[in-house]
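Here's a protein chain to explore. Take a look at the model, then we'll walk through it together.

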Amino acid sequence: MREPFASLLASTPGKLALSLLVASSNPTASAFTFNPVPSPNLDLARLGRVAFAGDFDSISLYQYEGQHQQSTGPNGAILSRYPNGIFATVKDTDADVKAMCPYTRDGGYRGLIVGGNFTSVGGLHTPGGIALLNTTDGSVTPLEGLNGSVSALYCDPDAGRVYVGGLFTGSNSSNAIVWEDDWLDMPFAGFNGPVHSIVKAPNNNVIFGGEFNGLGGNVTAPTKNNSHVLPIGSAQISAQTSSGRPGLTEPQNIVCKSDPDTQGPDATWLLADNSPGFWQAEFGFGFTPTMLRLHNTKFEDRGTQTWRYTALPDGGIMNFSYVDPEGNKQYCDARCPLPQGDTSAKDFQFVNNVGMNAFRIDISAWYGQGAGLNGIELFQNDIYTFAVSEFNEPKCGGVTTGAFSTPTGPWRVTPSHNSNSQYLTADIPAGEINPDAAAVVFKPDIKQSGNYSVKVYTPGCTGDGTCGMRGRVNITWSLSKTSPNKPQSTELYQTNEYDKYDEVYSGYVDAADGFRPEVTLRPSSGQQGPRIVVAQKIRFELKNATAGGLNGIFEYDPSKQEVDTNLAESMINRAGSDLAPSEQAIVSVLSTEGNRMYVGGNFTGDNFSNVFAIDKDAREPTALAGNGLNSQVLTIFSNGSTTYFGGNFTNTQDNDTPGLNGVATYANDRWEPLGAGVNGVVMYIVPLELNMTANALESVLGIGGFFDRVNGFDGNEDFAAENFAVWVPSQRNWLNNLNAGTVSIHGALTAYTNVPDAEPVFAGSISSYQLGASGAVTLQSGNPLSLASFPSVIRPQQQQAALGKRALSEGQDLSTTGIVTAAFYKENDMNKTILAGHFAATGSDGQNITNLLVIDGKDSDRIAGIGDEMEANSTFAALAVLDNILYAGGAVSGRINNNRAAGIIAYDLASNRLAGTQPPALQGENVTVNAIAPRPSSKDVFVGGKFQSAGALSCPMLCIWNAERSQWNAPGSGLSGVVSSLIWVSDTKLLIAGNLTSGSNQTSIMSYDSSTSQFTEFAGAKALPGPVTALAPANRDGSQVWASGRTSDGSAYLQRYNGNEWLAVNDMFEPGTNIRSIQVLQLSEDGRHGESPLIDRGQDLLILGQVNVTDFGTASGVLFNGTAMIPFLLSATATNDPGSLSQVFVENPQSFFDSSGKRLALGFIVLIALAIALALTFLLVVAGILLEWYRKKAKGYSPAPTGFPTRDIDTQRVPPEHLFGTLRGGGTRAPVL
């Protein structure tokens, strides 16, 4: 028997990864309101380009309240989208959302109906897997009344009703029902199998598709009724007013007797003489009994005359039917009779089906001297098998083949808590989970062969508090004697918050010739421990008989109050009855477009397979081109004239259209592939609107399912897809193949719906970020800020089998990946970006690049780097450039020019190749360079880390490479430890941080004066609570610093030295915080914060790493303003784990303490300066005139006469020789007039 479609849908898809273009325009409307967070108001103008490096594959700026770095996990959520394109979690669910639709009634929109196999929405218990979400305020209303799960919804706005399909019972219906502000049964009361899809056909009738072949209830009673004995012997049995006589007092005497007719000591229970009393049994599980069998006693002529049965804990008195001695059917409740002197079995049938977990037999009258009983048995029709063996059918009282289970592994019995029975729990230790570490084999007692529904019950995780530890289990079964060694299997998630059941199989179960069906539960492989696995019970339900040709599809006319029993009157019903296999066809999906309805699933028909169409007013189904598809269709999405199909097919049925691998389009009676499809199964096709070009929204399709690669085609290489990819119809290509900045999404999109006057709402398990970029991004200025990727693409580095990675500094783990360190270099007319760490990449010439790459901005972003000269397991941790030579250090080793290189290498940025002169290898155990710092205005390069010597020179932890003389020098003696940071705060003063020892003095920070070659302990650094792993100046001259590290208990600390004392930042970090670097950033004038003793008003401290912020969660970058940690950057890895940032790097690192303020343009500054100069000149002239006037007035000067004198004047000309005569003799006399 094939695995049913419901089983395929039972587990959440694995991790998905896709990239979507960032929409530059905000949505016009949204069903939900998102509050933006204030801008950080950073003043970055003087820094030039600003970028971040780390271990991540997706990254976002924190821009809206509710953004976080944690995904929704594997369970699911209802999703909307922030204005920046990121998916936003509206409400978490504890399992998949499979269908959604807007509920409209009486002309008004009531909210969003959400259906799935979840048991809670937003932490609120939602039994039956269905709820109403108010998209205005986000409130959730459970639609109580169903028991099971929902797979399909159709909201009919004209009728004001919602058609609901799935695997459930409710009201008087099974698997299909109507919601109209309350549950309403349809005339046919549902189906005898699950419903997968519901649509309104072009003729306005409602069409149901699924796995059913009959109308009405899902299950029927076995032909051998009351055949399953409840294990009263395992219950807690008690009694009141027992006789006290030896051998006749114990209430257990009458349970599980081989011969209930025997009586006497140890075989009979007696009450005290002439006294009423009761006999009670309390079980560790719930049950619904159908028959009670009592054996009266006649010991010493005693016996029970009248009794009643009380169901517990409700306390209701049950009604029974029975046959009296004359053969007449009678009824009783509070006083049910037993005959005197007759020890034979008397059967009492329960009139009502009532669940309970205990009962009490109250005896009110007796024969002779007192009451008593010889035997008691309780029966049910339900076929349950429990993981707790004691709860299974006892092998006594004539039962020889009762149900049983066999647990193996570290199982323990867990109280029922909020569930209806106790269950087994196994604690799986840390590490890769071994599926054989724990298992439970269930063997039910099946009395007759037939079609059964097999369900696995899982207790909720809220009761035992294990939600964070639950995972996946693998269910396998063998149900037929013809293939006992070929079990089928499926996976189930056990993360449900409340009790649930999953149907894992629907079909024929063999019970003939002694065959014993079995079902096995064990943890799934591919998980990391520690995990909690639970096992409670399974159930086999015998399904109803068929209903005259119904086969997976049914047409319902809502205008009729009765269902036409002649199914052949409907062409749609008739089309289903003609499908093969008969009465076992699976209709997975229905979809309508215009006057056509598509039917997809797993079936064959007349000239078609797995898909066909039904046109309006047609008399026969229509076969599609190629006779359909060659395997099951699981999803259909119609978009105008083009219809998209997803499933596990690879071609048309006639093998005429290759490349239809899992996904295809159908238009103009022609099949076409989407590229060349995927290498697996497509289960979901979700439409999305994204901004592709010129701010124009365009429709794209999210393709999800079970695959790990998208196949290459037409010159496009195949690429890893992690179960999700995006198809761009207008480009006829996958988004991954298009060169564009992208939003990144990891997870699963399982459903979507349009909402009136608002943006669509989605469902799935999602981790979403603004940008898909690996290892490094640039920060783009503007309002708001934005992120952009570098032109390089890095990928994980393959480990060498014989080598392991080394720690980058003391206390670090061995798993540092991604980009650890980076730098810009723009001296000597260059424009280089250097990225280094532990990764692989491909250069512009197709060459392999290992752990260090260089992007040349002057040469069209040409990519070069280090090849196989260095071992692939190397990790670079520090960079510095001096005179075009890049010095790169870390836990690195290799061979350059046939010479060993270790700890540090030199790379010529001018020629883009390793330098001809290399520093001799550093020596020591686990050599690591953590910091490189060229001394300003010199040729000395200071190198710090963990090593003992450089070449033949002893210089532990700190050594000097002189680039001019190409030799190592030691800065001093008596040093040991590990250096984590080196910072020059002047031309001669170097700050050194780490785990340091100078002579006998141990400290965390020291200063070094290069002019005197002297080391000095930094003030108070010895008192820091642990070694320093990150250091940053707090002011321009370095007299104040920020320091971070880990305390002895592994927790992160952060402190500032203010010039006088160290000030600690307390109660800001949760456990798990790992601070990798810190840096002071300046704020704009309008971004200044309040006063704080920890930081200046015009500064924020940027903290990078994995920062677990109190009351927020993990962020990759936060800004500290002296009083609060404000999330700034969020990131994730390709495996959907939290990312980590290692460094901020800028073009002008010397400008971190420069503030741009509000500056005028240079031209205005020149004009203002000129005006000031002219004004000053004018003032000086005026002042000079006034001063001269005052001086003359003070000396008594008067104006000279302006008239000529009246006396005659000799105007005779003076001869030239008289005038210049003195010049000839060089005399000093004045000329004579």
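## The overall picture

What percentage of the residues of the protein chain count as buried? Of 1233 residues, 55% do, where buried means under 20% relative accessible area, exposed over 50% and partly exposed in between (1.4 Å probe, protein chains only).

This is a predicted model, where local features need pLDDT of at least 70, side-chain atom pairs count only at pLDDT 80 or more, and totals for chains, interfaces and linings use all residues. Residues are numbered from 1 along each chain as its sequence is written, and side-chain values use heavy atoms, with hydrogens and water left out.

The chain has four helices and 90 strands (DSSP runs, H or I of at least four residues for helices, E of at least two for strands, numbered from the N terminus).

## Inside: the cores

The largest nonpolar core has 71 residues. Such a core is a set of buried Ala, Val, Leu, Ile, Met, Phe, Trp, Tyr and Cys residues joined through side-chain atoms within 4.5 Å. W279, W307, Y309 and F359 touch the most other members, and strand β21 (residues 277–287) gives the most to the core, with five residues. Domain 2 (228–381) and domain 3 (384–545) both contribute residues, so this core lies between them; the domain bounds come from an automatic or database assignment.

Apart from it lies another core, of 54 residues, among them F52 and I1095.

I1168 sits in helix α3 (residues 1162–1195). Is I1168 buried or partly exposed? I1168 counts as partly exposed, because its relative accessibility is 41%.
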